[in-house]
Amino acid sequence: MCAHYARSVETSPTMAECGRVDSHTMDKSITLPPDEIFRNLENAKRFAIDIGGSLTKLAYYSTVKHKVAKVRSFDHSTKEAASDKLYEISVQEEVTARLHFIKFENAYIETCLDFIKDHLVNTETKVIKATGGGAHKFKVLIERKLGLKVDKEDEMSCLIKGCNFVLKNIPHEAFVYAKHADSEFRFQTTDPDIFPYLLVNIGSGVSIAKVESEDKFERIGGSSIGGGTFWGLGALLTKTKRFDELLQLASKGQHSSVDMLVKDIYGGSYGYLGLTGDLIASSFGKSATADKEFSKEDMAKSLLHMISNDIGQLACLYARLHNLSRVYFGGFFIRGHPLTMHTITYSINFFTKGEVQALFLRHEGYLGAIGAFLKGAEEDNPNQYSWGENYAGSSGLMSVSPDMYPMQRARSGTFDMLEMDRLDRQLVNLPLLQEPSSYIPDTVDLTEDAPAREYWLFCFEDALDGVVKRAVASQPDMPEAAVRAEKFRQKYRHKLQTLRYQPFAYGSLTVRSLLDTREHCLNEFNFPDPYSKIKERENDVALKYYQKVVKSLEELSWEDRQFALVRGVLAGNVFDWGAKAVSDVLESDPEFGFEQAKRQLEERPWLVDSYDQWLERLKGPPHKCALLFVDNSGVDIILGVMPLVRELLSRGTEVVLASNSGPALNDVTNGELQILTERIAAMDPVIQSGLRDDRLTLVQNGSSSPCLDLSRLDKALAMVVRERKTDLVIIEGMGRAIHTNYFATLSCESLKLAVIKNSWLADRLGGKLFSVVFKYEVPAGKPSQEAAVLTP
């Protein structure tokens, strides 16, 4: 049985017995590579385990040492700096927290416990939290092997605690299953307020819980007709004992051969009651009168529909009774099986007439283990932090359909992993999002756009050689860097190959997720900032031209200066090492500079052009505070963005510059921006007074991505936005304003500007290489005398 999705909550003897594995049948021959399965086990601190009838889910917490790139300013007033270097770059070691979740078949439990015992070095814990129907059965084995006391936790409370955790911390956790759509998995935007919701857990029977808050839930109903019923009756009807084999039979069957349909009774539809002819009037109705044998496949399919329809109707009744629109399904019966998800979805759609969607969870199989772990870690209060999925160490969602992606099913066949890293900062929504619950960061969902998916997967694979080369070059004093870089190449290429077959593995596949996965893989092999040397060099060069650029701007008339400032930001944005068309130029022509970039820009009218509306707005009263999400180091931030910042300050507008917390490509980080701004302030009294009077503020955005998710920003940034009464948001760059946030709607004025530095994307948008997007938007209802409303 493939264990890629599994979650088993069966508690009745029937289902537990079916999954029983005696100790003498356990597989003890498997070899477990520590760098792939039980990673960082030597630093494990706490354990939890969820044992079902056939699958075990293990959770543990570890501390992970990893390299981080730091910059430190030289004191140029002393002799500290032997050269005229701008700042010192150092790679330091930091320790962060990571949660590990591993899922495997019970057949391997003894081998896995032996492996853990052999590799466990200095755990602090003396207790292992346990949940699931098999926790009692394996209690003695666990205590004997690990020397830890088993402390059993309530199964339903663990499930709900785990469900709350994944909904709050993993974007695109929930999905709708659409069997016949181009993309079978349609991931949903999670509302910032995840409560209330209905959790329908289908194990042997059915338990239905209403969840109202982190600590408040109640079991409001259930049924004895559930997964155990399907398994048990299916075994009697077909003589098939394995659950997955029963589902496989059902996938090949025709339920109409066994079920009596409306048209079998009325000769067609029953229009007066609105019943179509294909509706099931009586499950197994034909078996009472037909004088023939029915196939195993047809009986299994009829049984699946009967159980699913009963559960679907029950769920709908409870959802309506309690006025709940969010209904999540999980449990052994679901386990990510396309067939069961489809029949449940059909049932919910039918009984609610499409008003309620059946929602499934990407990490549904881990909920019990996550919940049990959180119960054991309450003293550390893990809910006070934000967590993020580490794509480099997670298997991702895999189809368990026996006919889909056989290559991927053979990937391990047994083990499935999820890793969650604790983030340095708590992440929240940007307060200026107009509708946080419907905000979708990404412009294109590659799971639904096959040509775009194929192009971008090829594009990222084609760029691998260049990334490896820059990674090695960033660590010239480390001879083993080439070996680590090759391991990075292999891991990231494997991720890309997985995504070709399973584009839904990590939620919606987007350009952002491809970039983020690459960054995770680079960090995995201790390449925290491959572009550090490039950024340092470009920052140093750009600073030398800053005063000349400002002087030339000051010589222009007011109206000419406004246009020159915009052209400057756009020209600066050309300097993006993440775009192959640009990196090729920058590598082949070291003299390519700010003026050359201006000449590359598209002439007006631009591809998206609302500059005239922006200019009219500037003739009105100044904005109170502008929030500017910046992009690249070097020419971009210094010669493009900073002159715009000084213009806004001169108008009387406060400015908040939001930059990345950690490195990504050649994007400027908050640490680098602090140093650059200090150097610019020493040359420019406008910037200097802005800093001195607290009218210019530098804040990190909480991200280490070349793109921007406005629903996951540093809490401190959100506080500044509120306190300063921000009324203008400027988002710069292709990653932040095109790949993400192009359609984002804000409750204040916004300006999105970028240069298209990819020929394929430009062609898709109806433009050409170096086409310009200048998108000024005003929320509906804003007084017309303050701003012109742009209709894109």
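Predicted model: local features only at pLDDT ≥ 70, side-chain atom pairs only at ≥ 80, totals over all residues.
Val206 is in contact with Val200, Asn201, Arg219, Gly221, Gly222, Ser223, Ile225, Gly226 and Ile311, if its neighbours within four places in sequence are left aside. Val206 belongs to strand E9, which covers residues 206–211. Its relative accessible area is 3%. Buried means under 20%, so Val206 counts as buried. Gly228 lies 22 residues from Val206 along the chain, and the C-alpha atoms of the two are separated by 9.5 Å.

Another strand to look at is E16, made of residues 416–422. Six of its seven residues are buried, so the strand is mostly covered. Strand E3, residues 87–105, pairs with E16 in the antiparallel sense, over six bridges. Within this pairing, His100 has Glu419 of E16 as its bridge partner. E16 is also joined to strand E15, residues 387–389, by three bridges, and these two strands run antiparallel. Here Glu389 stands opposite Met420 of E16. In a regular strand the side chains alternate between the two faces of the sheet.

The last element is a helix, H16, which runs from residue 532 to residue 554 and has 23 residues. From its first C-alpha to its last it reaches 33 Å, close to the 33 Å expected at 1.5 Å a residue. An α-helix has 3.6 residues a turn, so residues three or four places apart point the same way.

Conventions. Residues numbered from 1 in each chain as written. Heavy atoms only, no water. Buried < 20%, exposed > 50% of the residue type's maximum accessible area, 1.4 Å probe, protein only. Helix = DSSP H or I, 4+ residues; strand = E, 2+ residues; numbered from the N terminus. Pairing = 2+ DSSP bridges. Contact = heavy atoms within 4.5 Å. Expected span 1.5 Å × (residues − 1).
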